[in-house]
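This report goes through a few features of one structure. Look at the sequence and the model first, then read on.

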Amino acid sequence: VVTVNTLDGSVTQNHFLLDRDSVVERPSIFNYTWIVPITWMTLQNTGDRQWLTSVSETKTEFNSVRLLNLNVSGYFRVNYNQENWDQLLNQLSTDHQAIPVINRAQIIDDAFNLARAHYVDVTLALNTTRFLSNETQYMPWQAALDNLAYFKLMFDRSEVFGVMTKYVQQQVMPLFNHYKTITGNWTTIPSGLMDQYNEINTISTACSYGIVECHDLASDYFQDIVAMGGEAAWDFIWDRFKEAPVVSEADKLRTALTCSPVPWILNR
């Protein structure tokens with residue numbers, strides 16, 4: 001993890017561990033200190049690549065930095081001083097497209113993993129998802145869904161989940177409507193592969209968080225298959241699962257099979 005303080009230009013590197021109290025017994029001949037290429041940008045321009053060759057250095061160029069690791073070209077996570085985090089969050093909320101799409105995903109993923117490792121507060125990580133109501137790209141959404149899955153797992157049986165459900169519905173509904181529009185009310189398939197993946201994520205998220213229009217869409221599409229159907233529907237998916245030509249297709253079918261609410265069908 002590379003940490004920059006834009007107030008004084010200091011930049012440091014540390015061996016990133018999700019459990020910061022764990023004892024590292026595997027030796028490193030470099031003592032876990034690397035020669036790190038750092039690309040960066042401000043709101044106005046992109047700076048020249050800088051090299052971090054020790055644990056800590058001060059670089060005057062970083063006094064005005066806004067974003068490190070452009071296009072995620074380096075294999076490290078990035079942490080900032082709170083003032084710069086606030087600037088990034090403000091930028092995402094006002095004009096998220098000023099930040100490259102892969103870096104929008106990076107900001108989300110870094111923040112959640114930094115929160116898991118207790119580098120930053122979890123509230124900061126959750127705040128990185130606020131701009132998603134205006135986001136239509138696959139990578140930022142995938143990063144958010146990957147990390148929010150843990151919160152869903154932890155909270156789906158608690159009173160907190162009602163608030164979380166309303167929040168995710170609020171964030172995903174504009175994306176659901178976006179794909180409804182560009183697919184002609186779900187009659188065509190998006191041309192781009194990333195759009196196809198994102199459409200799948202959109203429908204899955206909207207349905208799993210209880211958006212009624214998505215449930216109606218699923219019911220119409222699959223004619224009560226599996227979750228709302230019976231043994232015949234389950235057998236149909238089972239046959240498709242057994243003959244699936246690729247692992248990714250089989251995995252989706254296997255997931256669909258688990259949706260049946262009928263215990264004896266699942267036991268069988």
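## The second largest pocket

A pocket is an open set of grid points with protein on both sides within 12 Å along at least five of seven lines, and its lining residues have an atom within 4 Å of a point. The model described here is predicted.

The second largest pocket has 16 lining residues, and those nearest its centre are Val1, Phe16, Tyr75, Phe76 and Arg77. Its volume is about 410 Å³. Sorted by class, the lining of this pocket comprises 9 nonpolar, 5 polar and 2 charged residues.

## Aromatic rings

There are 12 aromatic pairs in the structure. One of them joins Phe30 and Trp34: the ring centres are 5.5 Å apart and the planes stand at 50 degrees, so this pair is tilted. Trp34 is partly exposed, because its relative accessible area is 42%.

Phe161 and Tyr209 also make a tilted pair, with centres 5.9 Å apart and planes at 35 degrees. This pair links distant parts of the chain, since Phe161 belongs to helix α5 (residues 160–182) and Tyr209 to the loop between α6 (193–208) and α7 (212–222), 48 residues apart. Are these two residues buried or exposed? Phe161 is buried, at 16% relative accessibility, and Tyr209 is buried too, at 7%.

One aromatic cluster is made up of Phe112, Tyr150, Phe151 and Phe155.

## Charges over rings

The ring of Tyr209 has the charged end of Lys152 over it, 4.8 Å from the ring centre. Arg20 lies over the face of Tyr119, 3.8 Å from the centre of that ring.

## Asn71

Asn71 is in the loop between β7 (67–68) and β8 (78–80). Leaving aside residues up to four places away in sequence, Asn71 touches Pro100, Ile102 and Asn103.

Key. Residues are numbered from 1 along each chain as its sequence is written. This is a predicted model: local features need pLDDT of at least 70, side-chain atom pairs count only at pLDDT 80 or more; totals for chains, interfaces and linings use all residues. Side-chain values use heavy atoms; hydrogens and water are left out. Helices (H or I, at least four residues) and strands (E, at least two) are DSSP runs, numbered from the N terminus. Contact means heavy atoms within 4.5 Å. On a 1 Å grid over the protein atoms alone, a cavity is a set of points where a 1.4 Å probe fits but cannot get out, and a pocket is an open set with protein on both sides within 12 Å along at least five of seven lines; lining residues have an atom within 4 Å of a point. Grid points are joined across faces, edges and corners, and a volume is the space filled by probe spheres set on the points. Ala, Val, Leu, Ile, Met, Phe, Trp, Tyr, Cys and Pro count as nonpolar, Asp, Glu, Lys and Arg as charged, and the others, Gly among them, as polar. Rings of Phe, Tyr and Trp (its six-membered ring) pair if their centres lie within 6.5 Å; planes under 30 degrees apart count as stacked, over 60 as edge-to-face and the rest as tilted. Buried means under 20% relative accessible area, exposed over 50%, partly exposed in between (1.4 Å probe, protein chains only). A charge sits over a ring if NZ of Lys or CZ of Arg is within 6 Å of the ring centre and within 35 degrees of the ring normal.
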